[in-house]
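Hi,

Here is the structure I promised to pass on. Have a look at it first, then read my notes below.

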Amino acid sequence: MLTSRFRLLGSFLLLAALPLISSATPSGLNNIPTSDTTPQGTVVLQAFSTVGGEAPNDFNVGFKTGFEFAVLRFEIGVDSHIYPGKGGPLVGQAKIAYPIGNHLPTIAAGVANVAATERYRERSGEPFYYGVVTEDLGIF
């Protein structure tokens, strides 16, 4: 009984501290195409799910990181289906972004949902290629 109280207290403290030790992801690499990239030296761990609608609820986990080379910004990451059913396959994403300049748009191109083999693609679906141009309007 004492152990369950410690677990409950530990879970509560972890949930209370989570907003202090975590932050939102700056980019939607594995679910929403944007020209934003994760800053160099930052690793983002994220969990996401699909809820409602016709599709069954699911749970996915992934990570991504960013790096810079000259004026170009890069982002790479992997994620995988965890629940329900059979987990996997592991799929990758990559993005390259070019910020044109201050108060000007950023242009980016990328690919998401890249599986290693044809067998994995049968489960994960085809790769998704995209190009985006975004600008921070500064008023929001």
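A quick definition to start: helices (H or I, at least four residues) and strands (E, at least two) are DSSP runs, numbered from the N terminus. Val 133, for example, sits in strand 6 (residues 128-134). This is a predicted model, where local features need pLDDT of at least 70 and side-chain atom pairs count only at pLDDT 80 or more, while totals for chains, interfaces and linings use all residues. Residues are numbered from 1 along each chain as its sequence is written, and side-chain values use heavy atoms, with hydrogens and water left out.

Is Val 133 buried or exposed? Val 133 is exposed, at a relative accessible area of 56%; buried means under 20%, exposed over 50%, and partly exposed in between (1.4 Å probe, protein chains only).

Now strand 1 (residues 43-48). Strand 1 pairs with strand 2 (residues 59-69) in the antiparallel sense over six bridges (pairing takes at least two DSSP bridges). Phe 48 has Asn 60 as its bridge partner in strand 2.

Finally, the rings: the whole structure has two aromatic pairs (Phe, Tyr or Trp rings, the last by its six-membered ring, with centres within 6.5 Å; planes under 30 degrees apart are stacked, over 60 edge-to-face, the rest tilted). Phe 67 and Phe 74 are stacked, 5.2 Å centre to centre with 15 degrees between the planes. Phe 128 and Tyr 130 are stacked too, at 5.8 Å and 25 degrees. Phe 128 is partly exposed at 42% relative accessibility, whereas Tyr 130 is buried at 10%.

Cheers
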